[in-house]
Amino acid sequence: MIINTKKGRLEIKDVEIKCGIFQGETLSPLWFCLALYPLSAMLKNDTDGYVLKNKNGNLERITHLCYMDEIKLYAKTKYEMEGIMKKVEQFSKDIQMNFGMAKCRKPQWPTRK
């Protein structure tokens, strides 16, 4: 992992993980947030999602919201949602963290007649 700081670049070599942290342990939310930050940054730079006007009249894109151990994804169309979910699923596989994609709740998209 490489972290850019004001004092320079910090590189952490490979870490051998011998045991996981169980849900409910004190460090669990911290490690979850650390693992989720790269995904959040990746989704923030995505072109999908909703464009909203903030209170200052500026446009902002929203693709996701994170809270505690939850992530909520936003998309305008079923096609966009499938794309965002594929990115999350691939990220989950890359870091070997199970996000439980199979139990995600998906909106009922209107069918075209």
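In what order do the elements of the chain run from the N terminus on? They run β-β-α-β-β-β-β-α.

## Basis of the report

This is a predicted model, in which local features need pLDDT of at least 70 and side-chain atom pairs count only at pLDDT 80 or more, while totals for chains, interfaces and linings use all residues. Residues are numbered from 1 along each chain as its sequence is written, and side-chain values use heavy atoms, with hydrogens and water left out.

## Overall make-up

The chain holds 2 helices and 6 strands. Helices (H or I, at least four residues) and strands (E, at least two) are DSSP runs, numbered from the N terminus. Of the 113 residues, 19% count as buried. Buried means under 20% relative accessible area, exposed means over 50%, and partly exposed lies in between (1.4 Å probe, protein chains only).

The accessible surface of the chain comes to about 10200 Å², and 55% of this surface belongs to carbon and sulfur atoms. Such areas come from the Shrake-Rupley method with a 1.4 Å probe; for residues, only the protein chains shown count as cover. Contact means heavy atoms within 4.5 Å. Among contacts between residues at least 6 apart in sequence, 38% join residues at least 24 apart.

Strand β1 (residues 2-5) pairs with β2 in the antiparallel sense, over 4 bridges. Two strands pair if DSSP finds at least two bridges between them. In this pairing I2 stands opposite E11 in β2. β1 and β2 form a hairpin, with 2 residues between them.

In soluble globular proteins, nonpolar side chains tend to be buried together. The largest nonpolar core here has 11 residues: F32, L36, L39, L43, L73, A75, M81, I84, M85, V88 and F91. Helices α1 (28-44) and α2 (78-94) each supply at least two residues of this core. The largest share, 5 residues, comes from α2. A nonpolar core is a set of buried Ala, Val, Leu, Ile, Met, Phe, Trp, Tyr and Cys residues joined through side-chain atoms within 4.5 Å.

Helix α2 also contains G83. At 22% relative accessibility, G83 counts as partly exposed. G83 and D48 are 35 residues apart in sequence and 8.5 Å apart in space, C-alpha to C-alpha.

## Salt bridges

How many salt bridges does a search of the whole structure find? The search finds 2. A salt bridge is a side-chain nitrogen of Lys or Arg within 4 Å of a carboxyl oxygen of Asp or Glu.

One joins the side chains of D46 and K87 (2.7 Å, N to O). D46 lies in the loop between α1 and β3 (50-53) and K87 in helix α2, so this pair ties together parts that are 41 residues apart in sequence. D46 is buried at 11% relative accessible area, whereas K87 is partly exposed at 32%. In another salt bridge, the side chains of K76 and E80 meet (3.8 Å, N to O). K76 is partly exposed, with a relative accessible area of 43%, and E80 is buried, with 11%.

## A nonpolar surface patch

M1, I3, L10, I12 and V15 form a nonpolar patch on the surface, and together they have about 470 Å² of accessible area. Patches are made of residues with over 30% relative accessible area and no salt bridge; like charges are joined within 9 Å, and nonpolar side chains (Val, Leu, Ile, Met, Phe, Trp, Tyr) within 5 Å. V15 is found in the loop between β2 (8-11) and α1, and V15 counts as exposed at 60% relative accessibility.
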